Amino acid sequence: MKLIRFVFLVFLLVTLNVDAQIEQLEIKAVLKADTILIGDRVEFVVMANGKGKFSVSLPVLADTLPGGIYIIGKPIIDSTIKNNTRSYSFKLPVTAFSPGNVSVSKFPVLVKHGGSVDTTWVTTDSVFVKLVPRDTTLKDIKDIKPPIKEPIRFSEVAPWAGLGLLLAAIIVLLVMYLHSRKQNKPFLNIFKPKEPAHVVALRELMLLEENREWASDNPKLFYTKLIDILRNYLEGRFQINAPEQTTSEILSEIARLDFDFSPYIETLRELLFTSDLVKFAKHVTTIDENRRFLSFAINFVNSTKPIESSNDGENPTDEIKSADNTDLSTSDSN
C-alpha cells in the first residue's frame, strides 16, 4: 500500500513539472484549400502555440506525407516569442495526383522541452482533388503524332566525317612511312634517314679537297677540320667516343676493335700526332704533307667503311675510285 502511494506521488510530481514548463500548448495542421485540381499546389501548415520554454520541429521528411500527398518544395519556418508565448509556423508546399478526398493523417510533430522530446500526432481535414476538365473547344480526340523525321544537318555529320577523314589520313601516312622505311628512302622529306658515317665523312673530305684547304695559309684550321671529320667518322662507324678522346685514347680504342687496321695504323698515328703538333705547338707542315694526309684520310674512310650491297643504289666502289683518282697533283701549290 505504501509502494502504490509512493508511485502515485512520483507520477503526480512529474506531471506537475511538465505542466509547469508548457502551458496551453496547442498544435494543429491544415491544408489551405478545400478543392484543388490534380497536380495543383496547396500549402500544408503546422501551427503550435503555448507558454513556457519549448521548441517545435518537424521530423526529417522524404518526398511524401502520410495520406498520399507529395512534397513539392522546401518548408518555410517562422517562430515568434511574445509575453512568454511562443508561436511556431511550418508551411510546406504539397500536391496530390489521386482524384478524390485526400488528407494528411497522423503526421508527427516534435516538441522539445526540459531536455526531453515528445511527439504529437496531427491530422488535417481532407481536400478534394478533381480531374482536369476536358477542353470542350476540342471537337475530337486525335491520336498522338509519331516522331517527326528531321533532315540531317551538315553540323551533325561534319564531326564524324572529319574524324573518318583523319583516321584515313593517318592510315595512309602510316603505310607510306612503313613503305619508305622498308626501302630506306626519305618519308615526305620530313623523316629523312640518318646518313651513314662514311657518306658524311667522304662528302666533307671532298669539300676540303675542292676548296683546296690543304694549300691554305692556316694549317691549324685545315688539320682541325681534317681530324674532326675522322673523329666523327670513327664514332659513327665504330661507336667509339673519338670526338671526346685524346690521340692516345683513340689509338688505344682502335687497337681493341675487331677490325684489321694494320695497313693504316701507322699513318693514322702520324696524322694524329702531326695534327696535335700543328694545333698546340705551332708546328709548320708542307703542302705536300697536307695533301698526303688528306689523301690518306679519304682512302682510310673508303677502306674501312661497311661493305654495302649493290642492289639498293650506287655501287660503293664508285666512291672509292673517285677518291682514289683525285688528282691532287694538279692543285695549286702557291
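Which side chains meet in a salt bridge at 3.0 Å, N to O? E270 and R292 do. I'll come back to that pair in context.

The mean pLDDT of the chain is 83. Of its residues, 83% reach 70 or more. Two stretches need a flag. Over residues 1–20, pLDDT stays under 50. The model gives that stretch 1 contact beyond four places in sequence. Residues 312–334 also have pLDDT below 50. That stretch has 28 contacts in the model beyond near neighbours in sequence. A word of caution applies here. Low pLDDT means the predicted coordinates should not be read in detail.

Now the overall picture. The chain has 334 residues, and 29% of them count as buried. Its secondary structure comes to 8 helices and 12 strands. Take the contacts between residues at least 6 apart in sequence. Among those, 63% join residues at least 24 apart. The accessible surface is about 23100 Å². Carbon and sulfur atoms account for 57% of that surface.

On to the charges. Side chains of opposite charge can pair when their charged atoms come close. How many salt bridges does the structure hold? The count is 7. I'll take three of them.

Back to the opening pair. E270 and R292 meet at 3.0 Å, N to O. E270 lies in helix α6 and R292 in helix α7, so this bridge ties together parts 22 residues apart in sequence. Buried or exposed? E270 is partly exposed, at 34% relative accessibility. R292 is partly exposed too, with a relative accessible area of 40%.

Next, R269 and E266. Their closest N and O atoms are 3.1 Å apart. Both residues sit in helix α6, 3 residues apart, so about one helical turn separates them. R269 is partly exposed, with a relative accessible area of 30%. E266 counts as exposed, at 54% relative accessibility.

Third, E213 and K225. Their side chains meet in a salt bridge at 3.1 Å, N to O. E213 lies in the loop between α3 (197–210) and α4 (219–238), while K225 is in helix α4, so the pair ties together parts 12 residues apart in sequence. Here the glutamate is buried: E213 has a relative accessible area of 15%. K225 is partly exposed, at 31%.

Now the rings. How many aromatic pairs does a search of the whole structure find? It finds 13. Start with F222 and Y223. Their centres are 5.1 Å apart, and the planes make an angle of 75°. That pair is edge-to-face. Both F222 and Y223 are buried.

Then Y264 and F300. Why is this pair called edge-to-face? The ring centres are 5.9 Å apart and the planes are at 85°, and edge-to-face calls for an angle over 60 degrees. This pair links distant parts of the chain, 36 residues apart. Y264 is in the loop between α5 (247–256) and α6 (265–281). F300 is in helix α7, residues 287–304. Y264 is buried, and so is F300.

There is a wider group here. Ring pairs link Y233, F238, F259, F261, Y264, F296 and F300 into a cluster.

Charges over rings, briefly. The charged end of K106 sits over the ring of W121, 5.4 Å from its centre. R291 lies over the face of W214. The distance to that ring centre is 5.4 Å.

Where is T35 found? In strand β2, residues 35–37. T35 is partly exposed, with a relative accessible area of 42%. Leave out residues up to four places away in sequence, and T35 touches V127, F128 and K130. T35 and S126 are 91 residues apart in sequence. In space, their C-alpha atoms are 9.0 Å apart.

How values were computed. Residues are numbered from 1 along each chain as its sequence is written. This is a predicted model: local features need pLDDT of at least 70, side-chain atom pairs count only at pLDDT 80 or more; totals for chains, interfaces and linings use all residues. Side-chain values use heavy atoms; hydrogens and water are left out. pLDDT is the predictor's confidence in each residue, from 0 to 100. Contact means heavy atoms within 4.5 Å. Rings of Phe, Tyr and Trp (its six-membered ring) pair if their centres lie within 6.5 Å; planes under 30 degrees apart count as stacked, over 60 as edge-to-face and the rest as tilted. Buried means under 20% relative accessible area, exposed over 50%, partly exposed in between (1.4 Å probe, protein chains only). Helices (H or I, at least four residues) and strands (E, at least two) are DSSP runs, numbered from the N terminus. A charge sits over a ring if NZ of Lys or CZ of Arg is within 6 Å of the ring centre and within 35 degrees of the ring normal. Accessible areas come from the Shrake-Rupley method with a 1.4 Å probe; for residues, only the protein chains shown count as cover. A salt bridge is a side-chain nitrogen of Lys or Arg within 4 Å of a carboxyl oxygen of Asp or Glu.
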